[in-house]
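The structure is shown first.

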Amino acid sequence: MDPPAADPGPAKAEGSGPQGEMDLPVADPGPVRTEGELLQCPYCDSEATHKLAQFLLPGLAAVCVDSTTGDLFRSPSVVAVDLRKEMVDHITQKSETFIADALIESEANQNPENEMPDDPYEIVSIFMDDFSSTKRNIIGHVSGWLLSDSRDDKIDDFVQEMEMTRFWPLERREAIAEVLLKNVDIKTKFHCPEKYENEERLAEHKAQCSFRPVTCPNEGCRAKVSVRCMQDHDAACLFKILQCEQNCEKRLLRRDMDRHCVTVCSMRPMKCPFGCDSSFPETNLGEHCSESLQLHLIKVLQAIHKKCFTADELKDRALQLEKFDDHGKLAKARDARSLTNIVKDLEAKMKSSS
C-alpha cells in the first residue's frame, strides 16, 4: 500500500493547486467581524482544540478503511486525499448550521430527552459518523465488520501511517478543529464570545481574556494552554518538577515520579528481608537490622540447627554470638544469606576457641 502524500502545506487560493490537492483552513489569530461590523475575540480553549484535532485523524482513517475494505483496486491511502476534503467540507457545513438546527429542533420537539448534545466532541462525532455512513461499501455496512478487531487494527495501522508521512499534520487539524469548536460551542464554554466595536477595545480585552493562549512555564513542556486551563494543566503537566511523593530528598519531573518511587527512592517501602513481618522505608533498613538483630539471629539459628535447640537455648545462643562478634558484623548483615554465613563463621570460631 502506497503511503498517502504528505500535506502540501499552507492552503492556496481555490483552484490554484493541482488536482486532488486540498485547500485546508488556516487558523487566523486576528479578529472576526460579525453582526454590524463588531470585532469578535478570536481566542478559544487551546486544549479543547487540541483534543478535537486528535479526534479527526482516526475518524478519517475509519472512513478510508470502511470505504475500501474488500476492494482489490483501491486502498485507504489511495482515497485519503479525496475523502479528507469531503469529510472536512461535510463536518464544517454541518457545524455552520448546527446552532440554527438545534434551535429549530428544540422548538419542534418539546421532549427534554431528545435535546441536542452540547459537548463539542460528541457533536463532531455525530457529524463524522454521519459522513462515514455514506462512504461505507457493502462490507463496511455489515455490523460484524464494524465491531471486528480486524477493522480496528487496520484503522490503527492507517493512523500510524498517516502520522509517519505527516499526511495531515496536527497544526492543520487544529486549524479545522478551532473552526468546528467555535461553530458548535452553544454555551460558549470553549471559546470567547466577546465582541467589540473597535480594535483598541478588542486589544484591551485580548490582553486579559481568560481564553488567551499562554505557554506552559515548566521547562521542556511546549504546550500552549488557555489561561483559564493553566491550573488544570499544571496539575497534570509531566514536566513539572515536584518533591518526591515518598518524601525523600529528591526533586524530579512528574513523568519520572512513578519509576523513581518504585526503583531507586530511598524512602520506598520494603519488607524485612529476614521475614520478621516488619515494613519500613528502605533507608531505615540499617536501623531495623540493628534494633531487631536478636530476632533475626533466632530465625537464622532455627534454620541452621532445625529442632536441635529449644526457644530459650536459641535466645542464649543469639546472645553469645552478639558478645563474640567483636567487629559488629552481625548488625551489618542486610539479608538472611549474609547473616547465615556470618553466624556459621562465628559459631566455628566459638567452637575452636572453647
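## Helix crossing

Helices α1 and α6 cross with right-handed geometry. The model is predicted. Two packed helices are described by the angle between their axes and the distance between the axes. For α1 (residues 46-68) and α6 (residues 149-165), the axes come within 9 Å and the crossing angle is roughly 120°. α1 is therefore oblique to α6.

## Contact residues

On the α1 side, the residues that meet α6 are Leu57, Pro58, Leu60, Ala61, Ala62, Cys64, Val65 and Asp66. Their counterparts in α6 are Arg151, Lys154, Ile155, Phe158, Val159, Met162 and Glu163. Sorted by class, the contact of α1 with α6 holds 11 nonpolar and four charged residues, with no polar ones.

## Nonpolar cores

The largest nonpolar core contains 38 residues, and Leu60 and Trp168 have the most contacts inside it. At least two residues of this core come from each of α1, α2 (76-96), α3 (98-108), α4 (120-133), α6 and α7 (170-184). α1 supplies the largest share, 11 residues.

Leu60 belongs to the α1 contact with α6 and is also one of the two residues with the most contacts inside the largest core. Leaving aside residues up to four places away in sequence, Leu60 touches Ala80, Leu83, Arg84, Met87, Met128, Met162, Phe167 and Trp168.

Terms used:
Residues are numbered from 1 along each chain as its sequence is written. This is a predicted model: local features need pLDDT of at least 70, side-chain atom pairs count only at pLDDT 80 or more; totals for chains, interfaces and linings use all residues. Side-chain values use heavy atoms; hydrogens and water are left out. Axes are lines fitted to C-alpha atoms, for helices over the stretch in contact, and angles run from 0 to 180 degrees between N-to-C directions. Helices (H or I, at least four residues) and strands (E, at least two) are DSSP runs, numbered from the N terminus. Angles under 35 degrees count as roughly parallel, over 145 as roughly antiparallel, 65 to 115 as roughly perpendicular and the rest as oblique. A crossing is left-handed if the near helix is turned anticlockwise from the far one by less than a right angle, and right-handed if clockwise. Contact means heavy atoms within 4.5 Å. Ala, Val, Leu, Ile, Met, Phe, Trp, Tyr, Cys and Pro count as nonpolar, Asp, Glu, Lys and Arg as charged, and the others, Gly among them, as polar. A nonpolar core is a set of buried Ala, Val, Leu, Ile, Met, Phe, Trp, Tyr and Cys residues joined through side-chain atoms within 4.5 Å. Buried means under 20% relative accessible area, exposed over 50%, partly exposed in between (1.4 Å probe, protein chains only).
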